Protein chains: 2
Amino acid sequence: MASDQTRSAILTAAERLYAERGFSDVTLRDIVAEANVNLAAVNYHFGSKDELIAELFVTRSIQTNRERLNELKAAEEKGGGRASIEQIFRALVGPTLRGCLGPDSESSTAARFMIRASIESVPPIRRIKNREIDHLRKFAAAMRRALPGRDEADLYWGLHFALSMAHHTIREKERLAKLSEGKCDLNDVQAVVDRVVSVAATALGAGAPVSKPAVRTVIPHGRLTRQDL
Amino acid sequence: MASDQTRSAILTAAERLYAERGFSDVTLRDIVAEANVNLAAVNYHFGSKDELIAELFVTRSIQTNRERLNELKAAEEKGGGRASIEQIFRALVGPTLRGCLGPDSESSTAARFMIRASIESVPPIRRIKNREIDHLRKFAAAMRRALPGRDEADLYWGLHFALSMAHHTIREKERLAKLSEGKCDLNDVQAVVDRVVSVAATALGAGAPVSKPAVRTVIPHGRLTRQDL
DNA sequence: GATAGTTTCATACAAGTGTTTGAATTGCAA
DNA sequence: TTGCAATTCAAACACTTGTATGAAACTATC
């Protein structure tokens, strides 16, 4: 099984290059040059370029989804099996926004990679995103528990809008900063999360948002367990 | 000047193929085969593949932006130089949503092309989108007139969220339909527009949304005036 | 230390890409 | 009809791309 040295060198180099220059501008030859490995190593270790990209994306997605579910679970346990709608939305959009915005989003390769993935959307990543539905259903279920009797469509629209605001903020953060001439502070992640949660919750006719801190640890790339995402 | 027949045949074929199969799957050879013209015609008439894509996108963007501004202007004139925040949001998201959602979005090549452009985001299109800021500033100005004294950042966030919900709904309409198992009706465009406007306006602390019909005419492709977009 | 399995390597492959070329053709005006 | 510019065309160009190959180097086991 050797040291996996080559394998993780490829992952690290690929993530950095994709984060910096985007998927369409980076070739396998760029990656192996950066990683100081042979060209054939990519196909040997990953099978194909697309599988390499998929593994990069899955690794980061697993982390985000785990954080989301942890936060949701914590909120529900504290509330005796039921979380407030604000807590649910916070668990949904918090991890993503904290990961892709904020002070270290410029320095963190993982964050910049995920932003690229959000903007460019190449085929292997699209395929994975399509499997995210099961994950979202868990949040829909939590919302149903929080707002019983509420029209189902309203709940889904609320979930959808919460994700809309979070993802679009990440995708277009530069444009928003330029448009607002810096008046919208995208570095204050806490405030951004509060705002998104507040708007999403208000749209559902719930109360005012609550504030809550959170931590984030970064998974290094390595052999992947891939329990799906 | 000849008949421009070749030129518009290329535009038509390109838009259809891009709409159907996406940018990454369609080559110039596919396009010229569909258009029954010579391969070199693309470079002769457009200069490059990217300029062809840019022209396709600019044509449709001009249409959307014109509709937006017309609707905004109409609302402001009716309100004596000041439109309500709901009217402003409606003018902003209505044309896009009507164009990309609704019954004819499956049949309309233009609509499917714009959805592709929203999902895939290739370089020439990204470059054009970056120039959209001037256009958005006009809406920011209208919002300032509608809600004088309101914090500037709030206004920009409101504008941003309105666009977030509209664009994300277009991008992920299939996922939302699947997630909600059809409970979210994306064919009722009027209702979708109402919902987006309502949420965006509520987020700004304004009142309930108003309802308003609108018409849409499709510009055929042809020689482009390109007064920017 | 021989053997079997894994990993690395240089190199070639095969195909597809947008673009260019220069000659043919067309259309229109003088 | 002639002349000239605009357009079309077949062909090739010049690369880049991801992938495959088969020998070499390494590693661990017996």
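1. Contacts and conventions. Two residues are taken to be in contact if their C-beta atoms, placed from the backbone, lie within 7 Å. The model is a predicted one, in which local features need pLDDT of at least 70 and side-chain atom pairs count only at pLDDT 80 or more, whereas totals for chains, interfaces and linings use all residues. Residues are numbered from 1 along each chain as its sequence is written, while chains are lettered from A and ligands numbered from 1 in the order in which they are written.

2. Fold of chain A. Helices (H or I, at least four residues) and strands (E, at least two) are DSSP runs, numbered from the N terminus. Chain A contains 11 helices and zero strands. Among contacts in chain A with a separation of 6 or more, 70% join residues 24 or more positions apart.

3. A residue is called buried if 20 or more other C-beta atoms lie within 10 Å of its own, exposed if 12 or fewer, and partly exposed in between, with C-beta atoms placed from the backbone. By this criterion 43% of the 229 residues of chain A are buried. A nonpolar core is a set of buried Ala, Val, Leu, Ile, Met, Phe, Trp, Tyr and Cys residues joined through C-beta atoms within 7 Å. The largest such core has 130 residues, and A:Ile88, A:Ala162, B:Ile88 and B:Ala162 touch the most other members. Leaving aside neighbours within four places in sequence, A:Ile88 is in contact with A:Leu72, A:Ala83, A:Phe139, A:Ala142, A:Met143 and A:Ala146.

4. Symmetry. Copies are superposed by least squares on the C-alpha atoms of residues with pLDDT of at least 70 in both. Chain A is superposed on chain B by a rotation of 180° with 0.0 Å of shift along its axis, at an RMSD of 0.1 Å. That is the relation of a two-fold axis. Of the residues of chain A, A:Ser164 comes closest to the rotation axis, its C-alpha being at 2.8 Å.

5. The interface between the chains. How many residues of chain A are in contact with chain B? There are 29, and they meet 29 residues of chain B. On the side of chain A that touches chain B, helices H6 (109-120), H8 (133-146), H9 (152-171), H10 (173-179) and H11 (189-203) of chain A each supply at least two residues. H9(A) gives the most to this side, with 12 residues. For its composition, Ala, Val, Leu, Ile, Met, Phe, Trp, Tyr, Cys and Pro count as nonpolar, Asp, Glu, Lys and Arg as charged, and the others, Gly among them, as polar. The side of chain A that touches chain B then divides into 14 nonpolar, nine polar and six charged residues. Because 97% of the interface residues of chain A are also interface residues in chain B, the copies meet through the same surface.

6. A:Leu176. This residue lies in helix H10 of chain A. A:Leu176 counts as buried because it has 22 C-beta neighbours inside 10 Å. Apart from neighbours within four places in sequence, its contacts are A:Thr169, A:Cys184 and A:Leu186, together with B:Tyr156 and B:His160. The C-alpha atoms of A:Leu176 and A:Leu186, 10 residues apart along the chain, are separated by 8.8 Å.

7. The DNA strands. A residue is near a strand if its C-beta atom, placed from the backbone, lies within 6 Å of it. DNA strand C is surrounded by 19 residues, of which A:Thr6, A:Ala40, B:Thr27, B:Ala40 and B:Ser48 are the closest. H3(A) gives the most to the surface near DNA strand C, with three residues. Around DNA strand D there are 18 residues, and A:Thr27, A:Ala40, A:Ser48, B:Thr6 and B:Ala40 come nearest. The largest share of the surface near DNA strand D, three residues, comes from H3(B). That surface divides into 10 nonpolar, six polar and two charged residues.

8. Helix H1 of chain B. Which residues of H1(B) are buried? They are B:Arg7, B:Ile10, B:Leu11, B:Ala14, B:Glu15, B:Leu17, B:Tyr18 and B:Ala19. These buried residues pack against helix H2 (28-35), H3, helix H4 (49-78) and helix H6 (109-120) of chain B. H1(B) is followed by B:Gly22, whose phi is positive, near 85°.

9. Helix H6 of chain B. The buried residues of H6(B) are B:Ala110, B:Ala111, B:Phe113, B:Met114, B:Ile115, B:Arg116 and B:Ala117. Their cover includes H1, H4, helix H5 (85-100), helix H7 (123-129) and helix H9 (152-171) of chain B. Just after H6(B), B:Ser121 takes a positive phi of about 55°.
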